[in-house]
Amino acid sequence: MRQKEQSPPPSPSTRLRHRKHTKSQEVFPDVSKLNGGSNLLVDDQNKYRSMWVRTLSSLWMLGGVILILYLGHLYICAMVVIIQILMAAELFHLRRIVHESKRLPGFWLINWYFFFTAMLYVYGRILRQHLVNTVTSDKFFYKLVNSLFKYHMVICYFLYIAGVMWFILTLKKRMYKYQFGQYAWTHMILIVVFTQSSFTVANIFEGIFWFIHPASLIAINDVAAYFFGFFFGRTPLIKLSPKKTWEGFIGGSFATVLFAFMLANILGQFRWMTCPRKDLSTGWLHCDPGPLFKLEYYPFPNNIAQLLPWKGMWISPVQWHALWLGLFASIIAPFGGFFASGLKRAFKIKDFGDSIPGHGGFTDRMDCQMVMAIFAYIYFQSFVLAPGSSVEMILDQIERSLSHEEQQKLYAMLGQIFQDQKYGYL
Amino acid sequence: MDRDNGSGGPSTPSGPTARLRRRKGSTEVAPEVETNGDRLLFNDRNKYKSMLIRTYSTVWMIGGFVSIIYLGHLYIWAMVVVIQIFMAKELFNLLRKAHEDRQLPGFRLLNWHFFFTVMLFVYGRILSQRLVNTVTMDKFLYKLVGRLIKYHMVTCYFLYIAGFMWFILTLKKKMYKYQFSQYAWTHMILIVVFTQSAFTVANIFEGIFWFLLPASLIVINDIAAYIFGFFFGRTPLIKLSPKKTWEGFIGASFATMISAFVLANIMGRFQWLTCPRKDLSTGWLECDPGSLFKPEYYTVPQWFPEWFPWREISILPVQWHALCLGLFASIIAPFGGFFASGFKRAFKIKDFGDSIPGHGGITDRMDCQMVMAVFAYIYHQSFIVPQSLSIEMIMDQILMNLTFEEQRALYTKLGQIIMEKQFGES
């Protein structure tokens, strides 16, 4: 399904604007002096020049994202994984740059070793069920895959322990502090990178909607905050990011919430977006979207109906959930950006990397997205998954794993328990 | 169950005695030893003086430990939580700099906020099923608990996000680097402390056996390594811990595996130790121990010497698993100790704390235990718990995860499915 170009662009062009209004101070340190000491974007004379560079790379990113969305779940996951690898590479590299003087041969290898162990563990867990569903046709592969997953946790654990032992055996006198620092930094990076990407991948397989909607909201929030700041910004928001303003923040919040409501309506109408993917195929999806995405007609009350050309609105239940997502995206997700800014100031670095021309590195682009992805997953698991679904899941398991006799036995046992409970209550 | 307490002989399996001996085998605590030219314990003249101090605190620890085991699962859990709080306190204090802290009021509070958030999350997950089983009798409490558990993940997430936002809002100019390092340090501590204690608690509720056996093996390994090093130690093992020797290491491995085999037999005969606890009660436990703990009788093979008193030995299948645990405890778990030693050298600290007279801090005692607890849990989940979905497992899921209404709904639907199958076949 193609997304219309007019709909507010997903991540890349917003990353453009986001970049502009948080980082301009660092990128053009002399601009503030040119503008008479004011940092606000409203007074920024050079904005058009930087805008052009960024627009170009944004368009390329936008095009890439749309293409990937069209291709489907597996390709989106591949994109997430690649972005993750690039982020980890930037962050590993960063720490080494900061402590340039000390080099230990083969130490960077330990970082990547832990990275791939974590990847095996995280994606193994998430894709376990999907992988099993993909190979159900072939008995041999089914058995093979099942036994691999049985020992998945042990395998990953031993790989990790081997890494720890390797680390301990390579400890060198007088370099202890540096090595332990690197070890801790590696773990923090892996946790940050993998938590959000694993939740993102889990969301994708629940339906592309749950990936693209939160991601777009972050982008839209940035764009909206930029525009409101552009036109109305006066009061600085927080010392960490001098270019952000309260006007931009509040205006952006309203715009984001409104937009979340409407975008949910639009996206919810495409099966490609709303159907969960139960296996690792790439074909077309058919499913019953469920009551969550069914549009219901709400007629306006009479006095309003007379003023407007429309008599009512079609609203699907998911749009109410979208309001909450929008609220989070506008109020709390920007703290991810503040955190990244603070981190950069603390370690006196300008950008996390320089992969994207005009923007910075991947981590610069993904800082708010990370907070949002985690929230989207948790929100989905807690509020959206219908209570009946756990019954469905268990019924699914029963049908798949138990033979007919075992099912009958289970039925009889359940009946017995209910009888006992009934008498127990008397 | 009361345990027979030989005073400090090598076969005493409980925690503190070995902690006593293991402590002796390190350079950090008895600096006066270094005046002797040769560092090996074999030539240590002052050992008797320090031994007395340690024996005293050891005996107290053993006594406390044994009474807790006798009291049961809930009290062991409480003990784990208390140990955890002390460990976290020691570690939080370790890298704090008093000067910076004075300028940041309330920063320590942030650490404890994160600590209690993680505690709520971890124990909430592990014990939610058991909590539900405890309150099944009271309808109102059952509903309340059910609702709390449903929103457990969201609650913990928002508590964490609140802490995160608090952290960002308290960032002070020129203190960024210190604050970010403290933040990272807090996360690392919480991960280390909670991973192992979460797994420990999960093990406890599967049966005290799975907590007691691994913990005892670590202790036995230490004692045996000490004794072998005492009598035969010549070749140093690793630069990080100069008092450890290869002879001690290898001798201890053999001793640990043999005692694992024997201990598993002894412990496996007590239902108090082998039965899983399905709820949060504290009463006596009765259960069918399962095939793992049923003795199998083997006739002694012909080549055994004449003086061997038994012609027939009974072996519990669990003893073979215990061999694997013993192997891990003797070969890999000591790396936890090396890691802690390296860490202390890196940051030039002598001990993690000074809670236990003659020993050091609680973290000093727990460093190897942590690695072992995680392994014991993973081993248990992968090799002991039956992996194929059996009727019992699905039954457990139904009873623990679903509310009454959902159980009845499942029952009805299952009945329908079975009916349809029967009609389809006839």
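The questions and answers below concern a predicted model and go through selected helices and residues of its chains A and B.

Reader: What share of the residues in chain A is buried?
Author: In this predicted model, the secondary structure of chain A comes to 17 helices and 4 strands. Among its contacts between residues at least 6 apart in sequence, 73% join residues at least 24 apart. Of the 426 residues in chain A, the buried share is 53%.

Reader: How many of the residues of α9(A) are buried?
Author: Helix α9 of chain A covers residues 209-232, and its 24 residues reach 33 Å from the first C-alpha to the last, close to the 34 Å expected at 1.5 Å a residue. The helix is largely enclosed by the rest of the structure, because the number of its 24 residues that are buried is 20.

Reader: Are α3(B) and α14(B) roughly parallel or roughly perpendicular to each other?
Author: The axes of helix α3 (residues 73-94) and helix α14 (residues 362-384), both of chain B, come within 10 Å and cross at roughly 115°. Angles of 65 to 115 degrees count as roughly perpendicular. The two helices, α3(B) and α14(B), are therefore roughly perpendicular.

Reader: Which residues in α14(B) meet α3(B)?
Author: The crossing of these two helices, α3(B) and α14(B), is left-handed. On the side of α3(B), the residues in contact are Ile83(B), Phe86(B), Met87(B), Glu90(B) and Leu91(B), and those that they meet in α14(B) are Ile362(B), Thr363(B), Met366(B) and Met370(B).

Reader: How many nonpolar residues does the contact of α3(B) with α14(B) have?
Author: Glu90(B) in α3(B) and Thr363(B) in α14(B) are among the residues that meet here. Sorted by class, the contact of α3(B) with α14(B) has 1 charged residue and 1 polar residue, while the number of nonpolar residues is 7.

Reader: With which residues is Asn203(B) in contact, leaving aside its neighbours within four places in sequence?
Author: Asn203(B) is found in helix α8 of chain B, residues 176-206, and it counts as buried because its relative accessibility is 2%. Once the neighbours within four places in sequence are left aside, the contacts of Asn203(B) are Trp210(B), Ala373(B), Ala376(B), Tyr377(B) and His380(B).

Reader: What is the relative accessibility of Thr256(B)?
Author: Thr256(B) is found in helix α10 of chain B, residues 246-267, and, leaving aside neighbours within four places in sequence, it is in contact with Leu217(B), Ile220(B), Asn221(B), Gly326(B), Ala329(B) and Ser330(B). The C-alpha atoms of Thr256(B) and Ile223(B), 33 residues apart along the chain, are separated by 9.6 Å. Thr256(B) counts as buried, its relative accessibility being 0%.

Reader: Which helix of chain A is included in what covers the buried residues of α12(B)?
Author: Helix α12 of chain B (residues 318-331) has 14 residues and reaches 20 Å from its first C-alpha to its last. Its buried residues include Val318(B), His321(B), Leu325(B) and Phe328(B). The cover over the buried residues includes α9, α10, β4, α13 and α14 of chain B, together with one helix of chain A, α7 (152-169).

Technical notes: Residues are numbered from 1 along each chain as its sequence is written. Chains are lettered from A and ligands numbered from 1 in the order in which they are written. This is a predicted model: local features need pLDDT of at least 70, side-chain atom pairs count only at pLDDT 80 or more; totals for chains, interfaces and linings use all residues. Side-chain values use heavy atoms; hydrogens and water are left out. Axes are lines fitted to C-alpha atoms, for helices over the stretch in contact, and angles run from 0 to 180 degrees between N-to-C directions. Angles under 35 degrees count as roughly parallel, over 145 as roughly antiparallel, 65 to 115 as roughly perpendicular and the rest as oblique. A crossing is left-handed if the near helix is turned anticlockwise from the far one by less than a right angle, and right-handed if clockwise. Contact means heavy atoms within 4.5 Å. Ala, Val, Leu, Ile, Met, Phe, Trp, Tyr, Cys and Pro count as nonpolar, Asp, Glu, Lys and Arg as charged, and the others, Gly among them, as polar. Buried means under 20% relative accessible area, exposed over 50%, partly exposed in between (1.4 Å probe, protein chains only). The expected span of a helix is 1.5 Å times one less than its number of residues.
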